[in-house]
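Dear colleague,

Please read them with the sequence and the coordinates open beside you.

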Amino acid sequence: MISQKKVDNTTLLVIENDWLSVEIAPSAGGRITSIFNKALKREFLWNNTALPLEKLNPGADYDSNFWGGIDELLPNDIPENIDGIDYPDHGELWTTALDYSAAGNVIRLSGRLRQSDLYYQKEISLLEQSPKIGLNYKLINEASQARHFLWKLHAALKISEGDLLSSAAKKARIVYANASRFKDMSEFGWPVIEFTDASRAPAKNNTMDFFYLYDNPVGKMAMLMEDEQYRFEYGYDKAVFPYQWYFASYGQFQNHYTAILEPASAMPVSVKEAALANQCSVLMPGEEINTSVTIYAGLNYENRIS
């Protein structure tokens, strides 16, 4: 079933079945604002209750407007000149109002990013007999030149002390020294750094984590919650998203307590640097990417990803 509602004068599309109710804001880049498991009576996504849900203007600062839910970053993270184009903070998609339609049990969101000329399309459906969301994507380079870019999923989750980031990545490193509770900036074997299991969320202690995770054999990234009773999991094609980023604020970032799972198509943060290392997405004129992603939000059905 698909319906509409308004929150803070923002139109939300609501798709639901016996398992889940999922809310989407087309005007905010297709952000998923809620994933509510009906049987568990549990909301999996975190949001900043101090901010209204609204469409922001292109070029807006991301951190001061960090609302939460599930954004996607495209075509960049930090403000940067890529392929001769000056891109804004956290890219174009999150401030782009998307067209939308509903047919049967599928919601389609689409739009063209003004600066990059990337055409973006996302179809959202709920899978039967499981608390799982299906996302089918199409990206097309409609520009006359090549486009190098980062495409990153970005799910802000409600967390508690002891929650476990489950990833099969073999290696990791800190993204920024000032965004880490650890000091060693060298590569390490995930998840142990400085004799600490970094995959376990500490209490709210005014620290934060920001890691790249890589050498990952499977396209899965999950958070196990509340003594590993519950699971939020991304499933995706690791050829499209070969890297995982993990950002978590345990109070240091604006007093927020949340963890963000970020399957990513590029590493490091700078797309320019990633392009030099052949570690970013690139589409030639007319080329496209078609891929599918799943989100599971329910009881934990296995102890860890393997």
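The accessible surface of the protein chain comes to about 12,500 Å² (Shrake-Rupley method, 1.4 Å probe), and carbon and sulfur atoms account for 47% of that surface. This is a predicted model, in which local features need pLDDT of at least 70 and side-chain atom pairs count only at pLDDT 80 or more, while totals for chains, interfaces and linings use all residues. Residues are numbered from 1 along each chain as its sequence is written, and side-chain values use heavy atoms, with hydrogens and water left out.

Of the 306 residues in the protein chain, 58% are buried, where buried means under 20% relative accessible area with a 1.4 Å probe, protein chains only. The secondary structure consists of 1 helix and 26 strands (DSSP runs of H or I over at least four residues, and of E over at least two, numbered from the N terminus).

As for the aromatic side chains, there are 20 aromatic pairs, counted when ring centres of Phe, Tyr and Trp (its six-membered ring) lie within 6.5 Å. Among them, Tyr62 and Trp94 are edge-to-face (planes over 60 degrees apart), at 4.8 Å centre to centre and with 80 degrees between the planes. Tyr62 lies in the loop between strand S5 (42-43) and strand S6 (70-73), and Trp94 in the loop between strand S8 (85-87) and strand S9 (99-103), so the pair ties together parts that are 32 residues apart in sequence. Both Tyr62 and Trp94 are buried, and both belong to one aromatic cluster that also includes Trp46, Phe66 and Tyr176.

Best regards

Key:
Buried < 20%, exposed > 50% of the residue type's maximum accessible area, 1.4 Å probe, protein only. Phe/Tyr/Trp six-rings, centres within 6.5 Å; stacked < 30°, edge-to-face > 60°.
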